[in-house]
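Thanks, everyone. I would like to take a few minutes to walk through one model, starting with the overall picture and then turning to its cores and its helix packing.

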Amino acid sequence: MISLMLSSAESMSSANESHLWFAFIIRVEASKSSDYRHSGQLRGDLDAGDGVMMWSKRALQMLVLPTFLVLISACSLTDPEDEGPSTQGDAETRTVEHAFGKTTVEGTPERIVSVGFREHDALLALGIQPVMVHQWYSEYSSGVGLWAEPYLDGDPPAIIPSSATDLPFEEIAAEEPDLIVGLDAGLDQQTYDRLSEVAPTIANPKDAAPYAVPYDQEMQMIGDAVDRDEEADQWVKDTEEAFTKARDEHTEFKGKTAAVGCPLENGGFALYPTTDPRGEFLSELGFTVPEEVDEAAADNYYAEISAENLSMFEDYDLLLVIDDCGAPTVDLNEHPTFKSLDIAKRGDYIYPAPASDALSHNTVLSVPYALDKLLPKIEDIVP
């Protein structure tokens, strides 16, 4: 009686690669005088010591090869559910909702254009270098802030200059993107439609004003779009912990009124509500941004306070003053009204606020940078 025994083992060297080996042992349960040793097809010499038949090459091929081929075919029919998510472009289809509807993203995007002013931070944090970014400040020679530069790798991205008044649709199309992110781009329906003709496009969420998307919501939307939602969640968690640490170390901030403002050329002031990244930053530190700022801003990303109403914030405990707010500004020292306010006389303001660009970004990459630069200055004002 002849029996064929097969042993196999599978070892995984990566998430998508497996190696299979086989050992075949053919044993003959027969006496030394068995006629099998004289078979015309299965020729071999029986070793009297262990009863193992050493077969000829021809005989081994005839017996083993058909079985081996069947096994190999069976092993190739791998259950797709066992392979896990892929990063090679075959990830499952995802749908992202935003202000202009729903966008379907298929596979894993590899060429992403960031038309907003800060979404590239989220992409870089997730290990994805966009092929094109929108420069916010002209001094960003690399297209991104100092805090994000260490995350750039390989060929530098193409840059939409800060001086651009409109998006360069032809240049964007030339990058052959498979995804466009514009959560912080202030897109309107017409611009969104044109971008969508080039590639699937994601705009700001419908419950957030243009340029006023909370850092956690933006991070999670982009993480979902590029199939890296777990990494995005971790970045959000780390940022929340950084704010928590700052609050715990500065309990004196709790309940104190504060705002971020910008001196306007017309004699007024721009103040940022809690829905804007700048107001959000102060709230996360434990400060109270007065409700009157949110009410004055309405659906805009900042409230414009006229020159005759600047007394509104003269009793605030802290005012962070920045120079860039998207409207014509003036140096604070040349502002016609500010110096007459009580808050100016008390010196409860910081001008120019250090790392104001990081403050304005308020992303998972810029927050640690802003905290490092701003906290020592705030401590001087709010002891």
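This is a predicted model: local features need pLDDT of at least 70, side-chain atom pairs count only at pLDDT 80 or more; totals for chains, interfaces and linings use all residues.

The secondary structure comes to 11 helices and 16 strands. If we take the contacts between residues at least 6 apart in sequence, 64% of them join residues at least 24 apart.

Which residues have the most contacts inside the largest nonpolar core? They are Leu 285, Phe 313 and Leu 320, in a core that has 81 residues. The element that gives the most to this core is helix H11, spanning residues 366-381, with seven residues. Apart from this core lies another one, of 15 residues, and Val 131, Ile 172, Ile 180 and Tyr 192 are among them.

To stay for a moment with Phe 313, if we leave aside residues up to four places away in sequence, this side chain's residue touches Phe 269, Leu 271, Leu 319, Phe 338, Leu 341 and Ile 343.

Now to the helices, where H11 comes back. Helix H6, residues 229-249, packs with H11 at an angle of about 15°, and their axes are 10 Å apart. Because angles under 35 degrees count as roughly parallel, H6 is described as roughly parallel to H11, and the crossing of the two is right-handed. On the H6 side the contact is made by Thr 239, Ala 242, Phe 243 and Ala 246, while H11 brings Val 367, Leu 371 and Leu 375. Sorted by class, this contact of H6 with H11 has six nonpolar residues, one polar residue and no charged residues.

H6 also packs with helix H5, residues 215-225: the axes of H5 and H6 come within 7 Å and cross at roughly 165°. H5 and H6 are therefore roughly antiparallel to each other, and their crossing, too, is right-handed. From H5 the contact takes in Tyr 215, Asp 216, Met 219, Gln 220, Gly 223 and Asp 224, and from H6 it takes in Asp 229, Ala 232, Asp 233, Trp 235, Val 236, Thr 239, Glu 240 and Phe 243. How do the residues of the contact of H5 with H6 divide, and what are the counts? There are six nonpolar, three polar and five charged residues, whereas the contact of H6 with H11 has no charged residues.

Conventions:
Residues are numbered from 1 along each chain as its sequence is written. Side-chain values use heavy atoms; hydrogens and water are left out. A nonpolar core is a set of buried Ala, Val, Leu, Ile, Met, Phe, Trp, Tyr and Cys residues joined through side-chain atoms within 4.5 Å. Buried means under 20% relative accessible area, exposed over 50%, partly exposed in between (1.4 Å probe, protein chains only). Helices (H or I, at least four residues) and strands (E, at least two) are DSSP runs, numbered from the N terminus. Contact means heavy atoms within 4.5 Å. Axes are lines fitted to C-alpha atoms, for helices over the stretch in contact, and angles run from 0 to 180 degrees between N-to-C directions. Angles under 35 degrees count as roughly parallel, over 145 as roughly antiparallel, 65 to 115 as roughly perpendicular and the rest as oblique. A crossing is left-handed if the near helix is turned anticlockwise from the far one by less than a right angle, and right-handed if clockwise. Ala, Val, Leu, Ile, Met, Phe, Trp, Tyr, Cys and Pro count as nonpolar, Asp, Glu, Lys and Arg as charged, and the others, Gly among them, as polar.
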